[in-house]
Amino acid sequence: MPATTVVTRRLKVIRAGFASFGRERSAVHGTVAVSVGTLAAGALTSVFVARGLGATSRGELLIASVGPIVVGSLLLCGIDEALVYLLARAETDSDAGRILGSAIAVGVGLVTIASATAALLQALYFRFGLRTIGNLPMYAYATLPLLFVFTQVMLAAMRARQRYFAWNVCRASVPVTYLASVLALVAGHGLSASAALMAHYFSALLLALYLASRVPSEPQLRVAARDCLGVLRLGVQHH
């Protein structure tokens with residue numbers, strides 16, 4: 001092989017390495033910026049909610065939201081992190097479609113349990129004594145685990161495929177939308193514990209609907225019992 005050909009190939013490899021390093025560095029910077037931005041948006045939202053609601057309403061808002069949030073986080077069972085690992089190792093589109101489809105199927109089973117558990121907690125434990133939050137917002141919010149688990153599965157697929165820009169935009173969408181909704185409620189003098197609860201719910205719902213619209217475009221999506229068990233087992237081990 002001529003020396004010039006060898007040098008040319010090595011230069012191409014070096015350029016590709018630098019390009020990959022540049023993309024990785026840009027992704028890290030974007031992720032850090034979005035993380036800081038979401039924390040700032042959450043802090044601002046908390047300030048406006050605290051100033052707009054009295055002590056009683058703030059306490060009831062916390063009581064109404066804590067059950068579904070905790071249940072959703074616990075019953076996610078680490079399948080998002082398991083999906084990142086398994087999907088990144090998929091060698092073909094067929095393998096990737098089977099793993100993602102199986103993870104979604106596992107998520108559907110988990111959210112059924114999580115939402116039922118959250119609804120029972122709302123009814124049997126958190127509902128009593130609340131005066132500023134109605135039944136509809138209370139029980140609608142009990143389905144938040146459904147949105148949360150599905151969203152985390154789809155975001156994990158983005159991470160595994162290194163679609164960091166889309167992943168960061170989706171991550172930022174819920175706190176930013178919630179902040180905008182709270183500001184609109186404050187401006188319209190309509191902020192209440194029920195309104196704040198539903199504003200957060202609809203912020204999560206919008207993201208879930210967007211991600212659901214992307215599911216049909218996933219190539220060769222299907223479910224395999226072996227992969228369902230593999231995703232769940234790996235997720236539980238590292239949860």
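Colleague: How many salt bridges does the count come to?

Modeller: Four salt bridges. Keep in mind that this is a predicted model.

Colleague: What makes Asp 95 and Arg 98 a salt bridge?

Modeller: The closest N and O atoms are 3.1 Å apart. The rule asks for a side-chain nitrogen of Lys or Arg within 4 Å of a carboxyl oxygen of Asp or Glu, so the pair qualifies. Both residues lie in helix H4 (residues 93-126), three residues apart, about one turn of the helix.

Colleague: Why is Asp 95 called partly exposed?

Modeller: Its relative accessible area is 22%. Buried means under 20% and exposed means over 50%. Asp 95 falls in between, so it is partly exposed.

Colleague: And Arg 98, buried or exposed?

Modeller: Buried, because its relative accessible area of 14% is under 20%.

Colleague: What makes Arg 98 and Asp 227 a salt bridge?

Modeller: The closest N and O atoms are 2.5 Å apart. The limit is 4 Å, so this pair counts. The pair links distant parts of the chain: Arg 98 sits in helix H4 and Asp 227 in helix H9 (residues 225-237), 129 residues apart. Asp 227 is buried, because its relative accessible area of 12% is under 20%.

Colleague: How do you know that Arg 161 and Glu 218 meet in a salt bridge?

Modeller: The N to O distance is 2.8 Å. That is within 4 Å, so the side chains form a salt bridge. Arg 161 lies in the loop between helix H6 (144-160) and H7, and Glu 218 in the loop between helix H8 (193-214) and H9, so the pair ties together parts 57 residues apart in sequence. Arg 161 is partly exposed at 24% relative accessible area. Glu 218 counts as buried at 12%.

Colleague: Now the aromatic rings. How many aromatic pairs are counted?

Modeller: Three aromatic pairs. One of them is Tyr 141 with Tyr 201.

Colleague: Why is the pair of Tyr 141 and Tyr 201 called tilted?

Modeller: The centres are 6.4 Å apart, within the 6.5 Å limit, so the rings pair. The planes are 55 degrees apart. Stacked needs under 30 degrees and edge-to-face over 60, so the pair is tilted. Tyr 141 is in the loop between helix H5 (135-140) and H6, and Tyr 201 is in helix H8, 60 residues apart. Both are buried: Tyr 141 has a relative accessible area of 1%, and Tyr 201 has 11%.

Colleague: What makes Tyr 164 and Trp 167 edge-to-face?

Modeller: Their centres are 6.3 Å apart and their planes stand at 70 degrees. That angle is over 60 degrees, so the pair is edge-to-face. The two are three residues apart in helix H7, about one helical turn. Tyr 164 is partly exposed at 24% relative accessibility, whereas Trp 167 is buried at 13%.

Colleague: Which residues form one aromatic cluster?

Modeller: Tyr 141, Tyr 201 and Phe 202.

Colleague: How do you know that Ser 194 is buried?

Modeller: Its relative accessible area is 15%, under the 20% cut-off, so Ser 194 counts as buried. Ser 194 lies in helix H8. Its side chain reaches the backbone nitrogen of Gly 134 at 3.3 Å.

Colleague: What forms the nonpolar patch on the surface?

Modeller: Leu 44, Phe 48, Leu 183 and Val 186, with about 280 Å² of accessible area together. Helix H1 (3-52) and helix H7 (164-187) each give two or more residues to the patch.

Conventions. Residues numbered from 1 in each chain as written. Predicted model: local features only at pLDDT ≥ 70, side-chain atom pairs only at ≥ 80, totals over all residues. Heavy atoms only, no water. Patch = residues over 30% accessible without salt bridge, like charges linked within 9 Å, V, L, I, M, F, W, Y side chains within 5 Å. Areas by Shrake-Rupley, 256 points an atom, 1.4 Å probe, with all protein chains shown as cover. Helix = DSSP H or I, 4+ residues; strand = E, 2+ residues; numbered from the N terminus. Buried < 20%, exposed > 50% of the residue type's maximum accessible area, 1.4 Å probe, protein only. Polar contact = N/O pair within 3.5 Å; in protein donor to acceptor, adjacent residues only side chain to side chain. Phe/Tyr/Trp six-rings, centres within 6.5 Å; stacked < 30°, edge-to-face > 60°.
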